[in-house]
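Biologist: Before we look at any feature, could you walk me through how such a structure is read?

Modeller: Gladly; let us take the features one at a time.

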Amino acid sequence: MKKLLLPVVVMSISVSFGQEVIGSAGTVGTNGTETIQWTIGETVTSTITNGTNTATQGFHQTQLEVTSIEDVAVEYDINVYPNPTNGLLQVDISDLNEDLNLQLYDAAGKLVSQKAFLKGQNSQIIDFTAVERGSYYLRVVGKESNQTISIIKQ
């Protein structure tokens, strides 16, 4: 009697609590005796029915919480020269309306140096004489925008 009671309880819980799936794509396929349903973003589930009761097992994404990210397209008119460089690199930014941070990274992603670029300034000099030859990335970081410029040291 206990072995029969467990499947009945499981099936009644599955029937009484409906499942909700939010998927961006999917389909249903059948061959006359078997049916398969799938959606993108859902792991494998199995549904068993006896004609009147249905039991679904597996994982459904019952709640979807979407967080929007506003893309603020603030791009500065940045002029970096000479590139490739073997000494001093000049960074000019026109119409600057906020303080920025200039961060120089090597090809491995290690921070080599950083320098403030303040609102009232039009140009900055970055000294490349102490760094080795290779590829570097200059990140111009602001409150609303980040831009990355590839720099070559000869």
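Modeller: Val112 is partly exposed because its relative accessible area is 35%, where buried means under 20%, exposed over 50% and partly exposed in between, with a 1.4 Å probe and protein chains only. This is a predicted model, in which local features need pLDDT of at least 70 and side-chain atom pairs count only at pLDDT 80 or more, while totals for chains, interfaces and linings use all residues. Residues are numbered from 1 along each chain as its sequence is written, and side-chain values use heavy atoms, with hydrogens and water left out.

Biologist: Which residues does Val112 touch, not counting those up to four places away in sequence?

Modeller: Contact means heavy atoms within 4.5 Å, and by that rule Val112 touches Leu104, Tyr105, Asp106, Val131 and Tyr136. Val131 is 19 residues from Val112 in sequence, with 8.4 Å between their C-alpha atoms.

Biologist: What is the nearest side chain of opposite charge to Lys153?

Modeller: Lys and Arg count as positive and Asp and Glu as negative, whereas His and the chain ends are not counted. A salt bridge is a side-chain nitrogen of Lys or Arg within 4 Å of a carboxyl oxygen of Asp or Glu. For Lys153, which is buried, that nearest side chain is Asp127, 7.4 Å away, and Lys153 has no salt bridge. A polar atom of the Lys153 side chain does lie 2.7 Å from the backbone oxygen of Phe128. Beyond its neighbours within four places in sequence, Lys153 is in contact with several residues, including Val131 and Tyr136.

Terms used: A polar contact is a pair of N or O atoms within 3.5 Å; within protein, one must be able to donate a hydrogen and the other to accept it, and residues adjacent in sequence count only if both atoms are side-chain atoms.
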